[in-house]
Amino acid sequence: MTIHHQGMMFTEVIQPDGSLSVTVPALAEQAVFIASFASGEGTLASTDVSSLPFYDRVVVQWKGEAGLQLHAREFDAGYFTDGHIWAAHAGNLTAAAKGEGGFLTRMGRADTPEALAAEVYSFPAGTAKRGGEILLSVEAEVTAGNCETQVEAQTLEIRDGGDLRTRDLTLQMPSCEVLGDFLVLKNLVEDMTIAAR
């Protein structure tokens, strides 16, 4: 099934008993979620998310084996330090609730054909205990599944309680001779400037 929310889309798999439990970072205060099935059937759910204005969110989404990763280096943190938030070090909700740091949520199941996936970085800008810069980048690993192909992706951003902004990306991946290399796309999403509250 595909979950749709404010332009974000990702693939999930329901359990044999028909259930699905997934936590989705909201992109609207009056959040509507649509679940669509390959059969054409679907359902929807909605909820109010009054805390959304306190969070800035950046989403990168793609289809298939794009090899994309979203990285946030909080307050100029170096790569692979505590302040580097990415899929392998996702941060946590407890720190975010205290205004101490952000967290990354990976959406979608990669083990399905032509899967839709997304990574969402959330930072509690409205309650931040510290001010400074958060450096954001999207990185693309050259893999056997994406080398010598075009990768298409999209970013969605919501900041300062404003409107959702989207941006499309088409990236020509390099030769299969450089498997394992990374392309760093620094200007795809804007860095965040955080004021201490």
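Me: Let's start with pockets, so what is the volume of the largest pocket?

Reply: The largest pocket of this predicted model has a volume of about 510 Å³.

Me: And how many residues line the largest pocket, and which lie nearest its centre?

Reply: The lining is made by 25 residues, and those lying nearest the centre of the pocket are Val22, Thr23, Val24, Pro25 and Phe33. The elements that each give two or more residues to this lining are strand E3 (30-36), strand E4 (42-48), helix H1 (93-97) and strand E8 (103-107).

Me: Which element has the largest share of that lining?

Reply: That is E4, which contributes four residues, the largest share of the lining of the largest pocket.

Me: How many of the lining residues there are nonpolar, polar or charged?

Reply: In the largest pocket, 19 of the lining residues are nonpolar, five are polar and one is charged.

Me: Ok, what about the second largest pocket, what is its volume and which residues lie nearest its centre?

Reply: The second largest pocket has a volume of about 290 Å³, and it is lined by 16 residues, with Trp62, Gly64, Glu65, Ala66 and Ala110 lying nearest its centre. Strand E6 (68-74) and strand E9 (116-123) are the elements that give two or more residues to this lining. Divided by class, the lining of the second largest pocket has seven nonpolar, five polar and four charged residues.

Me: Changing topic, which residues touch the most other members in the largest nonpolar core?

Reply: The largest nonpolar core has 31 residues, and within it Leu68, Tyr121 and Phe123 are the ones that touch the most other members. At least two residues of this core come from each of strand E5 (56-63), E6, E9, strand E10 (132-141), strand E11 (150-158), strand E12 (165-172) and strand E14 (192-194). The largest share is that of E10, with four residues of this core.

Me: What is glutamate 119 in contact with?

Reply: Leaving aside neighbours within four places in sequence, the residues in contact with glutamate 119 include Val58, Val59, Val60, Trp62, Leu68, Leu70, Ala87 and Arg106. A polar atom of the side chain of glutamate 119 also lies 2.8 Å from the backbone nitrogen of leucine 70.

Me: Now valine 151, which touches leucine 68 as well: where is its place, and is it buried or exposed?

Reply: Valine 151 has its place in strand E11, and it is buried, with a relative accessible area of 5%. Although valine 151 and leucine 68 are 83 residues apart along the chain, their C-alpha atoms are separated by 9.1 Å. Among the other residues that valine 151 touches are Ala66, Asn146, Leu169 and Met173.

Me: What about alanine 115, where does it lie?

Reply: Alanine 115 lies in the loop between E8 and E9, and it counts as buried because its relative accessibility is 6%. Not counting residues up to four places away in sequence, alanine 115 touches Thr11, Trp62, Lys63, Gly64, Arg109 and Ala110.

Me: Last topic, what is phi of phenylalanine 80, and is that residue buried or exposed?

Reply: Phi of phenylalanine 80 is near 65°, which is a positive value in a residue other than glycine. Phenylalanine 80 is exposed because its relative accessible area is 65%, and the cut-off for exposed is over 50%.

Me: Which loop is phenylalanine 80 in, and where does aspartate 76 lie?

Reply: Phenylalanine 80 lies in the loop between E6 and E7, and aspartate 76 lies in the loop between E6 and strand E7 (84-85). Aspartate 76 has a positive phi of about 65° although it is not a glycine.

Terms used:
Residues are numbered from 1 along each chain as its sequence is written. This is a predicted model: local features need pLDDT of at least 70, side-chain atom pairs count only at pLDDT 80 or more; totals for chains, interfaces and linings use all residues. Side-chain values use heavy atoms; hydrogens and water are left out. On a 1 Å grid over the protein atoms alone, a cavity is a set of points where a 1.4 Å probe fits but cannot get out, and a pocket is an open set with protein on both sides within 12 Å along at least five of seven lines; lining residues have an atom within 4 Å of a point. Grid points are joined across faces, edges and corners, and a volume is the space filled by probe spheres set on the points. Ala, Val, Leu, Ile, Met, Phe, Trp, Tyr, Cys and Pro count as nonpolar, Asp, Glu, Lys and Arg as charged, and the others, Gly among them, as polar. A nonpolar core is a set of buried Ala, Val, Leu, Ile, Met, Phe, Trp, Tyr and Cys residues joined through side-chain atoms within 4.5 Å. Buried means under 20% relative accessible area, exposed over 50%, partly exposed in between (1.4 Å probe, protein chains only). Contact means heavy atoms within 4.5 Å. A polar contact is a pair of N or O atoms within 3.5 Å; within protein, one must be able to donate a hydrogen and the other to accept it, and residues adjacent in sequence count only if both atoms are side-chain atoms.
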